[in-house]
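Please look over the fold, the sheet pairing and the nonpolar cores of the protein shown here. The briefing is arranged by topic.

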Amino acid sequence: MPNKTIYVSDDDLMLFRRAQELAGGNLSQAITAALRRYIEMEEGRQEGYDEIIVQVGLQGVGRKQRFSGVLLGEWGRTTGSRVEMFRVYRSRKGKFVLHVDRSPDWTNGADSENWLSWRSLLGLADSSWGFVQGESTLDVVDSFQDLRGKVPDEFYELIADLAERPAVEDLDI
């Protein structure tokens, strides 16, 4: 295996030691992983893609997922007492990514059929309330047509022509 010598300044020595610790003692492995990630992200940036980080799962306990993509559009709506945000991205590999973020679903526990329930809303009577935790999902599909039925129809029509456009158009000027 060929050897490469890397000169490290005194100011960066602690950085390299920490990287070696995190890599289980194999500094070469840490450097290779960092360079691989750097090249992937930098090439994507030069092609017009951004690093996208989204939250997935239940709010507060979910995980973050990262990919290289470009935002095609965003659509928001309310359904009952919940807010839904739809975001569609085109990934660097040509797939389409749907991120849906749903807010918590709150209820005040008041009986809308009972005309006396207004008293609890004003604090003049006992009241109750509750909510269902919000959540976010990430769905990756191979073609734009696979998004039909997964997003509101108006949103699908709004971004349909964007799906065919290149992320970056090279001009010969």
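The notes below go from the overall fold to single residues.

This is a predicted model, in which local features need pLDDT of at least 70 and side-chain atom pairs count only at pLDDT 80 or more, while totals for chains, interfaces and linings use all residues. Residues are numbered from 1 along each chain as its sequence is written, and side-chain values use heavy atoms, with hydrogens and water left out.

**Overall fold and confidence**

- The protein has 4 helices and 7 strands; helices (H or I, at least four residues) and strands (E, at least two) are DSSP runs, numbered from the N terminus.
- Their order from the N terminus is α-α-β-β-β-β-β-α-β-β-α.
- Mean pLDDT, the predictor's confidence in each residue from 0 to 100, is 85 for the protein, and 87% of its residues reach 70 or more.
- Of the 173 residues, 24% count as buried, where buried means under 20% relative accessible area, exposed over 50%, and partly exposed in between (1.4 Å probe, protein chains only).
- The protein exposes about 12,700 Å², of which carbon and sulfur atoms supply 51%; accessible areas come from the Shrake-Rupley method with a 1.4 Å probe, and for residues only the protein chains shown count as cover.
- Among contacts (heavy atoms within 4.5 Å) with a separation of 6 or more, 49% are between residues 24 or more positions apart.

**Strand pairing around β3**

- Strand β2 (residues 63-79) pairs with β3 in the antiparallel sense over 10 bridges; two strands pair if DSSP finds at least two bridges between them.
- Trp75 has Phe86 of β3 as its bridge partner.
- The hairpin of β2 and β3 has 2 residues between the strands, and Gly80 takes a positive phi near 65 degrees there.
- β3 and β4 also run antiparallel, joined by 7 bridges.
- In the hairpin of β3 and β4, with 4 residues between the strands, Gly94 takes a positive phi near 90 degrees.
- β3 is mostly covered, with 8 of its 10 residues buried.

**Nonpolar cores**

- A nonpolar core is a set of buried Ala, Val, Leu, Ile, Met, Phe, Trp, Tyr and Cys residues joined through side-chain atoms within 4.5 Å.
- The largest one holds 14 residues, of which Val88, Phe96, Leu98, Phe144, Leu147 and Val151 touch the most other members.
- Two or more residues of this core come from each of β3 (82-91), β4 (96-102) and α4 (153-159).
- Apart from it lies another core, of 6 residues, including Ile52, Val56, Phe67 and Val97.
- Beyond four places in sequence, the contacts of Phe96 include Leu72, Tyr89, Val141, Phe144, Leu147 and Ala163.

- Glu84 is in strand β3 and counts as buried because its relative accessibility is 8%.
- Its bridge partner in β4 is Arg102, and the side chains of Glu84 and Arg102 also make a polar contact of 2.9 Å.
- A polar contact is a pair of N or O atoms within 3.5 Å; within protein, one must be able to donate a hydrogen and the other to accept it, and residues adjacent in sequence count only if both atoms are side-chain atoms.
- The side chain of Glu84 makes another polar contact, of 2.7 Å, with the side chain of Arg77.
- Ser103 lies in the loop between β4 and β5 (105-107), and a polar atom of the Ser103 side chain is 2.8 Å from the backbone nitrogen of Val83.
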